[in-house]
Amino acid sequence: MPSYQGHLIGGVFVFSVIATVPYTAKFLGHPDLVTSFSLLAACLLGSLFPDIDIQSKGRNVFYYVLVGLGAIALSQQLFGLTIFFTLLGIVPVFIQHRGLTHNPLFVIGIPFIAAKIITPIIPKIASLQMHYYIFFVAGALSHIILDFMPYKLFGVTIKPKQKRWTKKGVARRN
Ligand SMILES: [Zn+2]
């Protein structure tokens, strides 16, 4: 599985694709600079999200980005988003099953539930939250795809081989 830098590059790639492909770019509209950076950050956040169940550099970076995004959301008075980021931050507290965060249904469902919780609180920003949700999930799915990509493609090693599980069943990821 790639290092957290590899996942961040994957996140930037996914963001670039969504932002430039005509169909999805149309959905995105013309966000201002702060919104664009926030959406990129949401995508990067998603790209690190699946590794939050273990002690890792990726998890530390995840929380740095999360706090940064929370601060931006707060400064823009997007209180719903601030709550959303807070909910994401406390997800690891409730996770007992290691590896669950690498389930596509989990990365799609958990942010959805978080968004559903805050939408009734602040319905006005529901459409903006949809953008954040999509970029976050896209980033998270890129993480899972990168983790489960084959080590070798056409005989060429594309990432270092690492043990996914130790004997004790504890995940070792970067
Ligand atoms: Zn991972």
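The structure is a predicted model, in which local features need pLDDT of at least 70 and side-chain atom pairs count only at pLDDT 80 or more, while totals for chains, interfaces and linings use all residues. Residues are numbered from 1 along each chain as its sequence is written.

The secondary structure comprises eight helices and two strands, where helices (H or I, at least four residues) and strands (E, at least two) are DSSP runs numbered from the N terminus. From the N terminus on, the order of the elements is α-α-α-α-α-α-α-α-β-β. Of the 174 residues, 33% count as buried; a residue is buried if 20 or more other C-beta atoms lie within 10 Å of its own, exposed if 12 or fewer, and partly exposed in between, with C-beta atoms placed from the backbone. Two residues are in contact if their C-beta atoms, placed from the backbone, lie within 7 Å. Among contacts with a separation of 6 or more, 73% are accounted for by residues 24 or more positions apart.

Confidence was examined through pLDDT, the predictor's confidence in each residue, from 0 to 100. The mean pLDDT is 77, and 76% of the residues reach 70 or more. Among the elements, α1 has the highest mean pLDDT (90), and strand β1 (residues 152-153) has the lowest (55). Over residues 165-171 the pLDDT is below 50, and this stretch has seven contacts in the model beyond near neighbours in sequence.

The largest nonpolar core holds 33 residues, a nonpolar core being a set of buried Ala, Val, Leu, Ile, Met, Phe, Trp, Tyr and Cys residues joined through C-beta atoms within 7 Å. Ala42, Cys43, Leu45, Leu69, Phe135 and Phe136 touch the most other members of this core. Two or more residues each are contributed by α1 (4-20), α3 (33-48), α4 (57-75), α5 (79-89), α7 (104-118) and α8 (126-147). In soluble globular proteins, nonpolar side chains tend to be buried together.

Ala42 lies in helix α3 and counts as buried because 29 C-beta neighbours fall inside 10 Å. Leaving aside residues up to four places away in sequence, Ala42 touches Leu69, Tyr132, Phe135 and Phe136. The C-alpha atoms of Ala42 and Gly139 are separated by 7.9 Å, although these residues are 97 residues apart along the chain. Cys43, Leu44 and Leu45 are also among the buried residues of α3. The end C-alpha atoms of α3 are 23 Å apart, in agreement with the 22 Å that its 16 residues should span at 1.5 Å a residue; the expected span is 1.5 Å times one less than the number of residues.

Gly58, Phe62, Val65, Leu66, Leu69 and Ala73 are buried in α4. Seen down the helix axis, the buried residues of α4 fall within an arc of 110 degrees, so they line one face; the arc is that of the directions from the helix axis to the C-beta atoms. These buried residues pack against α1, α3 and α5, whereas Asn60, Tyr64, Val67, Ala71 and Ser75 are exposed on the other side of α4. Gln77, whose phi is positive, near 60 degrees, follows the helix.

In α1, the buried residues are Tyr4, His7, Leu8, Gly10, Gly11, Val14, Phe15 and Ile18. The buried residues of α1 fall within an arc of 155 degrees when seen down its axis, so they line one face of the helix. Gln5, Ser16 and Thr20 are exposed on the other side of α1.
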